[in-house]
Amino acid sequence: MNNETLGYFIGRVYLFLTRLGIDKERLRFRQHLANEMAHYAADCWDAEIESSYGWIECVGIADRSAYDLRAHSVRTSPFTSIFIISFYS
């Protein structure tokens with residue numbers, strides 16, 4: 001797994017689906033292979049549920065890294081910045 005935050009959201013999806021009533025024995029998480037990942041993703045996982053049709057993806061979870069910020073900064077002013085202000089220093 002690429003990072004802790006991704007693991008957190010996989011856990012949240014697991015809790016959500018099992019609380020909806022999805023059988024834990026028919027639920028799995030599958031990591032995408034490198035050739036399956038979207039161009040923007042650092043890591044991707046699918047929540048899959050086994051049905052009479054086989055395993056079906058029902059939730060996709062992607063670590064988009066800083067792709068969106070980088071893509072936006074390339075197409076905007078070179079002076080685009082992000083400022084983080086902490087009131088709890």
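Two strands are taken to pair if DSSP finds at least two bridges between them. Helices (H or I, at least four residues) and strands (E, at least two) are DSSP runs, numbered from the N terminus. On that basis 5 bridges join β1 to β2, and these two strands run antiparallel.

The model is a predicted one, in which local features need pLDDT of at least 70 and side-chain atom pairs count only at pLDDT 80 or more, while totals for chains, interfaces and linings use all residues. Residues are numbered from 1 along each chain as its sequence is written, and side-chain values use heavy atoms, with hydrogens and water left out.

**Overall layout**

The secondary structure of the protein chain comes to 2 helices and 3 strands, and along the sequence these elements follow the pattern α-β-β-β-α. Of the 89 residues in the protein chain, 20% count as buried, where buried means under 20% relative accessible area, exposed means over 50%, and partly exposed lies in between (1.4 Å probe, protein chains only). Taking a contact as heavy atoms within 4.5 Å, residues 24 or more positions apart account for 33% of the contacts in the protein chain with a separation of 6 or more.

**The sheet and the helix across it**

The 3 strands form an open sheet in the order β1-β2-β3, with antiparallel pairing. Its edge strands are β1 (27-31) and β3 (54-63), each of which pairs on one side only. Neighbouring strands of this sheet are turned by 25° against each other on average, direction ignored; axes here are lines fitted to C-alpha atoms, for helices over the stretch in contact, and angles run from 0 to 180 degrees between N-to-C directions.

Strand β2 (residues 43-51) is joined to β3 by 9 bridges, and these strands too run antiparallel. A hairpin through 2 residues connects β2 to β3. Opposite Ser-51 stands Gly-54 in β3, and opposite Glu-50 stands Trp-55, also in β3. Helix α1 (residues 4-20) lies across β1, β2 and β3, and runs at about 140° to β3.

**The nonpolar core**

In soluble globular proteins, nonpolar side chains tend to be buried together. A nonpolar core is here a set of buried Ala, Val, Leu, Ile, Met, Phe, Trp, Tyr and Cys residues joined through side-chain atoms within 4.5 Å. The largest such core has 9 residues, namely Leu-6, Ile-10, Val-13, Leu-17, Leu-27, Trp-45, Ala-47, Ile-49 and Ile-61. The elements giving two or more residues to this core are α1 and β2, and the largest share, 4 residues, comes from α1.

Leaving out residues up to four places away in sequence, Ala-47 touches residues including Val-13, Leu-17, Leu-27, Phe-29 and Val-59. With the same exclusion, the contacts of Leu-27 include Tyr-14, Leu-17, Ala-47, Ile-49 and Trp-55.

Two C-alpha separations can be set beside the corresponding distances along the sequence.

| Residue pair | Apart in sequence | C-alpha to C-alpha |
|---|---|---|
| Ala-47 and Phe-29 | 18 residues | 4.6 Å |
| Lys-24 and Ile-49 | 25 residues | 9.1 Å |

A pair of aromatic rings is described by the distance of the centres and the angle of the planes. Rings of Phe, Tyr and Trp (its six-membered ring) pair if their centres lie within 6.5 Å, and planes under 30 degrees apart count as stacked, over 60 as edge-to-face and the rest as tilted. A search of the whole structure finds 1 aromatic pair. This pair consists of Tyr-8 and Phe-9, which are edge-to-face at 5.1 Å centre to centre with 85° between the planes. Tyr-8 is partly exposed because its relative accessibility is 48%, and Phe-9 is likewise partly exposed, at 44%.

Arg-28 lies over the face of Trp-55, at 4.0 Å from the ring centre; a charge sits over a ring if NZ of Lys or CZ of Arg is within 6 Å of the ring centre and within 35 degrees of the ring normal.

Lys-24 lies in the loop between α1 and β1 and counts as exposed because its relative accessible area is 51%. Apart from neighbours within four places in sequence, Lys-24 is in contact with Tyr-14 and Thr-18.
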